[in-house]
Amino acid sequence: MELYTAAQMREIDRIAIEERGIPSTELMENAARALVEEVRSLPIPGPGASQACFGTMLHTGDGHMPTPEEQAEFWAMRRRSAVVFCGPGNNGGDGVAAARFLLEAGWRVKCVLVGSREKMTNDCLEMERRLSEAGGVLEDFDPCGDDRGLYACYDVAIDALFGVGLNSPLRPDAVEAVKRMGLSGWVVSADVPSGIHADTGDVMGTAVKADVTVTFSRGKPGLFVGKGAVHSGRVVVADIGIPNSLYSEDGCRSMLVEREEILLPRRPVDGHKGDFGKLFILAGSRGYTGAAALCAKAAVRGGAGLVTLAVPEDIYPIAAVKCDEAMVWPWPEDDEAIVEKAMGCDAALIGPGLGQGQRAEGLVLKLMRELSCPVILDADGLNLISRHIHVLDERAGSTILTPHDGEFARLSGCELPIQDRLAAAWEFAQAHRCTLVLKGHRTITAVPPWGCFINSTGNPGMAKGGSGDALAGLTGALTVQGVPSPLAAVWLHGRAGDLAAEDKGEYGMTPSDLIEQIPYAIKELI
């Protein structure tokens with residue numbers, strides 16, 4: 001899914017209206033119809049339906065508790081209802097038009113204006129006129145009113161306060177409106193949940209937490225990164241009539257990676273292990289044998305033909321016992337021998353559990369300088385290279401970095417928390433001519449010159465030590481098999497995590513469970 005920034009969308013809207021002659025009110029009503037279509041498809045009651053309101057509506061006066069069948073009959077027969085919160089801008093106009101369409105469909109509708117009538121746009125005023133002709137009213141919102149119980153009785157709250165242009169915290173009256181929205185059964189946002197930055201996903205003070213977001217024309221980055229990914233709920237992209245020709249591929253710098261974008265090569269029927277790549281892994285240290293073993297196991301599960309796990313001699317017996325399929329190789333005293341071993345492989349993976357000792361540091365720098373094959377840096381490989389960032393810049397071969405936010409802060413010098421993960425990843429990858437996989441909720445992969453790719457798979461059960469080692473190993477495995485970027489590895493890693501969560505649950509699943517699911521995730525694509 002292509003993602004466009006707020007500035008890009010404003011310019012595309014301008015061209016559509018001013019240069020292509022598409023009436024702005026037509027676009028507004030198309031947006032409202034898409035919003036209403038989604039609202040009308042929601043099951044009633046919603047997940048946030050007020051039990052107090054529910055009880056009041058079903059009260060029989062004789063203490064009888066309605067049976068499940070009686071409750072179902074009640075909800076089927078009653079008139080559905082929606083409260084629409086509108087700002088004075090064009091996003092509010094979408095909401096006013098949606099209120100009219102719901103009213104005409106027989107819904108009970110309350111439509112409120114949050115903000116100044118003097119600031120209403122011409123299109124918003126036109127939608128109010130049409131609502132009035134249909135018998136509806138755009139009421140003024142009273143942020144101090146003692147009417148919270150009234151809002152709790154609506155099946156759906158529509159958030160049409162602010163669109164993609166918001167870049168400052170919500171005003172106090174809007175904050176109160178957000179509180180009342182949360183009392184309804186369902187919350188549906190128009191374009192972007194109010195209070196969420198459309199580009200970064202930041203919560204600007206307070207933000208709507210939507211169950212569904214109907215975004216118009218194209219996806220917005222802020223719906224899929226940062227807290228925006230949490231506040232947006234299920235995202236529906238609605239066509240509102242802007243010609244596809246106005247969307248330039250050159251203008252799209254970010255994309256949501258979904259199953260359809262992941263392609264893996266089929267293995268030839270006459271292939272042998274040498275055809276599927278040789279991966280060299282430099283990993284492990286005293287107390288961190290698990291990281292090395294998990295990395296190697298994920299590489300094997302990812303289909304690499306030959307995996308060599310190079311570990312310090314003092315942990316060799318432990319690593320050898322842990323790994324059956326990977327070839328465990330103890331470091332010799334001669335660093336040149338290690339470099340020579342790595343040169344015989346198609347890619348090198350450096351860092352999981354490696355430690356930050358003097359010899360490890362020297363080996364990392366030597367390998368970075370002398371290897372021409374792709375190098376994947378993870379964990380301590382990243383921490384060590386952060387002290388010598390010039391080595392990264394000087395590399396002739398391709399480099400893939402897989403940091404979490406803390407490691408990225410050491411690499412880049414940025415402060416935590418990272419305010420704009422998309423921009424930070426993109427700027428670093430461009431500046432240092434590398435591919436950057438910034439791990440976390442909705443992992444971001446920056447691939448110059450193409451752009452940033454936001455992953456759509458994964459779950460909180462993966463937030464355990466060892467999950468990153470599995471991703472590094474899977475990335476190495478696909479790299480040696482000729483898959484040019486880590487997008488497939490990131491997606492498959494998250495999908496394997498989702499399969500593990502389905503099987504074991506998020507609390508109890510382990511990185512080993514995730515690794516065992518990698519073949520099944522791959523099988524879904526082949």
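How many helices and strands does the protein have? The protein has 20 helices and 18 strands, where helices (H or I, at least four residues) and strands (E, at least two) are DSSP runs numbered from the N terminus. The model is a predicted one, in which local features need pLDDT of at least 70 and side-chain atom pairs count only at pLDDT 80 or more, while totals for chains, interfaces and linings use all residues. Residues are numbered from 1 along each chain as its sequence is written, and side-chain values use heavy atoms, with hydrogens and water left out.

Along the principal axes, the C-alpha atoms fill a box of roughly 85 × 60 × 45 Å. Of the 526 residues, 55% count as buried (under 20% relative accessible area, with a 1.4 Å probe and protein chains only). Among contacts (heavy atoms within 4.5 Å) between residues at least 6 apart in sequence, 72% join residues at least 24 apart.

Helix 2 contributes M28, E29, A31, A32, R33, L35, V36, V39 and R40 to the contact, and helix 5 contributes N90, G93, D94, A97, A98, R100, F101 and L102. These residues divide into 10 nonpolar, 2 polar and 5 charged, with Ala, Val, Leu, Ile, Met, Phe, Trp, Tyr, Cys and Pro counted as nonpolar, Asp, Glu, Lys and Arg as charged, and the others, Gly among them, as polar.

By class, the contact of helix 5 with helix 6 has 7 nonpolar, 3 polar and 4 charged residues.

Turning to helix 10 (residues 289-301), its buried residues are T289, A291, A292, A293, L294, C295, A296, A298 and A299. Their cover includes strand 10 (278-282), strand 11 (306-311), helix 11 (316-322), strand 13 (347-350), helix 18 (467-480) and helix 20 (511-523). Just after helix 10, G303 takes a positive phi of about 100 degrees.

Notes. Buried < 20%, exposed > 50% of the residue type's maximum accessible area, 1.4 Å probe, protein only.
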